[in-house]
There are 2 protein chains.
Amino acid sequence: MIFRQLFDLESSTYTYLLADAITGEAVVIDPVLEQNQRDSRLIKELGLKLLYILETHIHADHITGADLLRAETGAKTAVAKTSGVECADRYLEDGDEILFGSHRLRVIATPGHTNSCLSYYGEGRVFTGDAVLIRGCGRTDFQEGSSEKLFNSVRSKIFSLPEETLIFPAHDYKGVLHSSVREEKKFNPRLNESIGLDVFKGIMSALKLDPPKKIQVAVPANRRCGKTNPA
Amino acid sequence: MIFRQLFDLESSTYTYLLADAITGEAVVIDPVLEQNQRDSRLIKELGLKLLYILETHIHADHITGADLLRAETGAKTAVAKTSGVECADRYLEDGDEILFGSHRLRVIATPGHTNSCLSYYGEGRVFTGDAVLIRGCGRTDFQEGSSEKLFNSVRSKIFSLPEETLIFPAHDYKGVLHSSVREEKKFNPRLNESIGLDVFKGIMSALKLDPPKKIQVAVPANRRCGKTNPA
């Protein structure tokens, strides 16, 4: 399998490109609009046929590159059915599978950061979006966020995966690229196994974060799959 | 094997941590002083025994975290014998081997960006420092840099490795994390196989880059293995 992790320095977003080394069939997870040229060129250079553009959720901090990449490659965009978004080509639910070449990713519903967050699991890796971050987690104070739902998603859905599973999140702000289920169960300061729901809810409600700078632009655009112009 | 790539957002430097999953014996390549806390904590959390701190070269853009990490862990620092640096515990030459657990890295002398640049090869990966970057290469206009030497190092030492070898450089400025020998032989705009030495020398001499911002501080400190105070 071909696996590439890519980073957007402005929003600290990770984009992932996975492909079958034999057939070239590929999927991309969470592309960033401003990185379209980089991503598009890499897909061409590697000779890949992009099948799906997968979103982990409706992002509030950057605009997705999905629509532009779809126009360029003919790939299908896919988001959670529960997102209410109408621009996608495929709507995903817990347990669905994404196939590319001889590889597959399983869709895991992990609501909490937003109500329609998805993780993608396969090949010893889980792409957790903003559900579990490395030694952290996504905030739960907008877009129907819920600390209780996030706690349950991480504990019952992510931490029940094999401990050696590598965790690839949607962001990291300290230059750490991945983690593992084993590490986060032990060392995640908000969600390690010694922490109960009430403590977690207390941690999350005490954060008092400023809204993401781009939320007013990004969320509406992402509900159009990344089209910046409503028309 | 445990493998972790880490990123310093200020200098766009990649640090690498490699360890034997059974014995915990580990090496780190090109740590950044400002990231000491992050790196040190990760080494502890993973329960690793750090044996070596390896430098690809005397960096001009950041101060190495080698001396501090050595003091904390008891690991040995290692640099090129040709560097003339006197603070290290081990001096490396082309063909030397670094052993950790059941793993090994082979030292490859790849001068050109500086006269004492080393690459480290093993386990299907090559850590190229500033010799080959992703779709680029290190500059050759200071620290005894030589376009001719760099051209020869890349073409004869790096591009002769198996094509599927993954290239992990010391830097990337576009959020790309790794490449491969196959990709760089085809797509590196300065060093792909259709480019001759004279064209490469022309490309490099036309760059006219500003000196790295930290060169006056970083190079002297790095010649002391990262001690910021000469005393």
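So, 22 residues of chain A touch 22 residues of chain B. Keep in mind while you look that this is a predicted model. How much area is buried between chain A and chain B? About 1,900 Å², with carbon and sulfur atoms giving 56% of that.

What about salt bridges across the interface of chain A and chain B? The rule finds four of them. One I'd like to point out is Arg135(B) with Glu45(A), where the closest N and O atoms sit 2.5 Å apart.

Who makes the contact? On α1(A) you've got Asn36(A), Ser40(A) and Ile43(A), and on α2(A) there's Leu68(A), Leu69(A) and Glu72(A). Sort the residues of that contact by class and you get three nonpolar, two polar and one charged.

Over to chain B, and its own α1 and α2. Helix α1 of chain B is residues 36-45 and helix α2 of chain B is residues 66-73, with axes that come within 11 Å and cross at roughly 35°. α1(B) passes α2(B) in a right-handed crossing. The contact here pairs Asn36(B), Ser40(B) and Ile43(B) from α1(B) with Leu68(B), Leu69(B) and Glu72(B) from α2(B). By class, the contact of α1(B) with α2(B) comes out as three nonpolar, two polar and one charged.

Helix α3, residues 147-158, packs with helix α5, residues 197-205, at an angle of about 125°, and their axes are 9 Å apart. That angle makes α3(B) oblique to α5(B). As for the hand, α3(B) passes α5(B) in a right-handed crossing. From α3(B), the residues in the contact are Ser147(B), Glu148(B), Leu150(B) and Phe151(B), and they meet Leu197(B), Phe200(B), Lys201(B) and Met204(B) in α5(B). How do the residues of that contact divide by class? Five are nonpolar, one is polar and two are charged.

Okay, that's my tour. Shall we put the interface back up and take questions?

Key. Residues are numbered from 1 along each chain as its sequence is written. Chains are lettered from A and ligands numbered from 1 in the order in which they are written. This is a predicted model: local features need pLDDT of at least 70, side-chain atom pairs count only at pLDDT 80 or more; totals for chains, interfaces and linings use all residues. Side-chain values use heavy atoms; hydrogens and water are left out. Axes are lines fitted to C-alpha atoms, for helices over the stretch in contact, and angles run from 0 to 180 degrees between N-to-C directions. Helices (H or I, at least four residues) and strands (E, at least two) are DSSP runs, numbered from the N terminus. Angles under 35 degrees count as roughly parallel, over 145 as roughly antiparallel, 65 to 115 as roughly perpendicular and the rest as oblique. A crossing is left-handed if the near helix is turned anticlockwise from the far one by less than a right angle, and right-handed if clockwise. Contact means heavy atoms within 4.5 Å. Ala, Val, Leu, Ile, Met, Phe, Trp, Tyr, Cys and Pro count as nonpolar, Asp, Glu, Lys and Arg as charged, and the others, Gly among them, as polar. Buried area is the accessible area (1.4 Å probe) that two parts lose on being put together, summed over both. A salt bridge is a side-chain nitrogen of Lys or Arg within 4 Å of a carboxyl oxygen of Asp or Glu.
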